Amino acid sequence: MNRLDGKVALISGGARGIGAETAQLMVSVGARVVLGDVLDQESAETVAALNTDDEVAHAVHLDVSDEDSWTAAVKAAEDAFGKIDILVNNAGLFLGQDFEEVSVADWERLVAVNMTGVFLGTRAVAPALRRSGKDSPHGSAIVNLSSIAGLVGAPLDPLYSMTKGGVTIFTKSTALDFARKKDPIRVNSVHPGVIDTQMGQQTIDTGARLLTNNDRDAALHRSIQRHPMGRLGTVDDIARAIVFLASDDAGFMTGSSLVVDGGLTAA
Ligand SMILES: NC(=O)c1ccc[n+]([C@@H]2O[C@H](COP(=O)([O-])OP(=O)(O)OC[C@H]3O[C@@H](n4cnc5c(N)ncnc54)[C@H](O)[C@@H]3O)[C@@H](O)[C@H]2O)c1
């Protein structure tokens, strides 16, 4: 179950957090992975930890907001491993500011990574996915990292919510678009609750500043309490969902939104 034997995945934002854990889990179930990130040193360290005897992981410099950067990353991935079967659009930013105080420059930086990055990545990798999908009974796969903030309202960063709402509906629309063209490419999104990564910690810091009078412990407690299962999510929780959607186990799924939030949005 959930095997990715022989598959090649390109993971944006793979240097740390959810992206790095996804790379590790994918390698453990048989895939080879290419990590694309602006953090070259962290990417190299993540790759070094994955490459044991065989070369199963490769790092490329990737700025998801830059079209030429995507072109170079796709070429590097195909040069390294010959094809791409899976794209994980994972790179993301969270501003954590009251939207009334955000500069237009910061908004444009957020959009460039969270939305333009997903658009450019999908477009740049589609030809490779189209080719590899024809060789697989369940096609190739794109997994987009949206958020619970892309499904329901969230009080801490409405601009982040707007970008993730865009990723949610872009996922469904590209799924329909590829299906209409008879392209063997499935597209699905994952919607994490608060996950214990640098970005997750940033959401707690923002909660402390905006909601609990700079009491960080109270903000952490509040964040945990919002999850009916009584804990924050882990990178492993999310990596497993991404691997599922990327695998043939999800062969009849496209345009789906997989919520992994400890019950937060169930109420
Ligand atoms: N952590 C959470 O609580 C949470 C919740 C919901 C959704 N998400 C989403 O999951 C994804 C991963 O989040 P994370 O928690 O691992 O965050 P993180 O901040 O730990 O990691 C994000 C990665 O994206 C990379 N990145 C940023 N800008 C980039 C760019 N221009 N080009 C290439 N890479 C870039 C960073 O360098 C970093 O390695 C994001 O899309 C995020 O919005 C996270």
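Colleague: Which atom of asparagine 90 lies 2.8 Å from an oxygen atom of the ligand?

Modeller: It is a backbone N or O atom of asparagine 90, and such a pair is read as a polar contact, meaning N or O atoms within 3.5 Å. Threonine 197 instead uses an N or O atom in its side chain, 2.5 Å from an oxygen atom of the ligand, while a backbone N or O atom of glycine 200 lies 3.5 Å from a nitrogen atom of the ligand. Taken alone the ligand exposes 820 Å², of which the protein buries 94% (Shrake-Rupley method, 1.4 Å probe).

Colleague: What should I keep in mind about the source of these values?

Modeller: This is a predicted model, in which local features need pLDDT of at least 70 and side-chain atom pairs count only at pLDDT 80 or more, whereas totals for chains, interfaces and linings use all residues. Residues are numbered from 1 along each chain as its sequence is written, and side-chain values use heavy atoms, with hydrogens and water left out.

Colleague: How many residues surround the ligand, and which helix gives the most to that shell?

Modeller: A residue is counted as near if one of its heavy atoms lies within 4 Å; here 28 residues surround the ligand, with Asp37, Asn90, Tyr160, Ile195 and Thr197 the closest. Helices are DSSP runs of H or I with at least four residues, and α6 gives the most, three residues, while α1 (17–28), α5 (158–180) and α6 (198–211) each supply at least two.

Key. Polar contact = N/O pair within 3.5 Å; in protein donor to acceptor, adjacent residues only side chain to side chain.
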